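Hi,

Here is the structure I promised to pass on.

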Amino acid sequence: MSLQKHGLSIIGAYLVALIGNLLIFQILPVGRLSLGLATVTSVLAMIAAGFSERQLVIANAIEEPGVAAPQQRVFWGLIGIVGVLVAQLVGSWLETFLFKIPQTSSLIHQQLSSMATNPWYFLVIGLAIPVLEELTYRKVLFGNLVNVTGIFGGALITSLLFALTQPGGHWLSATLVGLVLAYDYRHTGAVSTAIIARLGSLWVVWLYCLAHTL
């Protein structure tokens, strides 16, 4: 599979999940049925993206110099979890200090409430969508933009695009998170490193909130 065909298939799968979920929640009230349909749509899109990822045999500009060993990918993924959490804290503080954007956990509580209504919805927000986003923004967009904009330019552009799609309006925090994830990917040449950091940091935040509400 060519880089162009791979990129289009990954972006297509991501858009199917993103737009499909938006339409589902526009048509149906939030409940077990709508959350279940969103889960099926997102998981199928992730499977399709994973199939396209396995078919790619051509390395992009990030992966061309070489890919780190599995142990290094896991190690830097764990380091990335800390990096993402720090980026979120710093970004949240800057948003409050510079733009008077209040620090809020309403989105997290909404996510936890949705998973309480339908536990399978965890597969959407805790797995499928983050994986699709990392494949789209880091592997496809960042991995192909660096030839045009350079490493920092590609990381910044894709992080800003990533931030625009994140709910809650915390664009600065999301941009800083995107830069950390781009560094993780660039450092190891493996998008799995960024996926580990993204998923791990998300789960840590959920566990922290659960521990403080019980």
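How many cavities of 30 Å³ or more does a search of the whole structure find? The search finds one. Before I go on, a word on the model: it is a predicted one, where local features need pLDDT of at least 70 and side-chain atom pairs count only at pLDDT 80 or more, while totals for chains, interfaces and linings use all residues. Residues are numbered from 1 along each chain as its sequence is written, and side-chain values use heavy atoms, with hydrogens and water left out.

**The cavity**

A cavity here is a set of points, on a 1 Å grid over the protein atoms alone, where a 1.4 Å probe fits but cannot get out. Lining residues are those with an atom within 4 Å of a point. Grid points are joined across faces, edges and corners, and a volume is the space filled by probe spheres set on the points.

The largest cavity holds about 30 Å³ of space. Its lining consists of Leu3, His6, Gly7, Leu56, Asn60, Lys139, Val140 and Asn144. Helix 1 and helix 5 are the elements that give two or more residues to this lining. (Helices are DSSP runs of H or I with at least four residues, numbered from the N terminus.) By type, the cavity lining divides into three nonpolar residues, four polar and one charged.

**The pocket**

A pocket is an open set of points with protein on both sides within 12 Å along at least five of seven lines. The largest pocket has a volume of about 1,700 Å³. It is lined by 46 residues, and Leu107, Ile108, Gln111, Gln166 and Pro167 are the closest to its centre. Two or more lining residues come from each of helix 1 (3-27), helix 3 (70-99), helix 4 (106-117), helix 5 (122-164), helix 6 (171-188) and helix 7 (191-211). Which helix gives the most to the lining of the largest pocket? That is helix 7, with eight residues. The pocket lining divides into 27 nonpolar residues, 17 polar and two charged.

Now find glutamate 63, in the loop between helix 2 (32-55) and helix 3. Is glutamate 63 buried or exposed? It counts as buried, because its relative accessibility is 13% (buried means under 20% relative accessible area, exposed over 50%, partly exposed in between, with a 1.4 Å probe and protein chains only).

Leaving out residues up to four places away in sequence, glutamate 63 touches Lys139, Tyr185 and Gly189; touching, or contact, means heavy atoms within 4.5 Å. Its side chain makes a polar contact of 2.8 Å with the side chain of tyrosine 185. A polar contact is a pair of N or O atoms within 3.5 Å; within protein, one must be able to donate a hydrogen and the other to accept it, and residues adjacent in sequence count only if both atoms are side-chain atoms.

With lysine 139, the side chain of glutamate 63 meets in a salt bridge (3.1 Å, N to O). This pair ties together parts that are 76 residues apart in sequence, because glutamate 63 lies in the loop between helix 2 and helix 3 and lysine 139 in helix 5. Lysine 139 counts as buried too, at 6% relative accessibility.

**More salt bridges**

A salt bridge is a side-chain nitrogen of Lys or Arg within 4 Å of a carboxyl oxygen of Asp or Glu. The structure holds five of them. Side chains of opposite charge can pair when their charged atoms come close.

Arginine 198 is buried, with a relative accessible area of 12%, glutamate 133 counts as buried at 4%, and glutamate 134 is buried at 0%. Glu133, Glu134, Arg138 and Arg198 are linked in a network of salt bridges.

Cheers

Key: Ala, Val, Leu, Ile, Met, Phe, Trp, Tyr, Cys and Pro count as nonpolar, Asp, Glu, Lys and Arg as charged, and the others, Gly among them, as polar.
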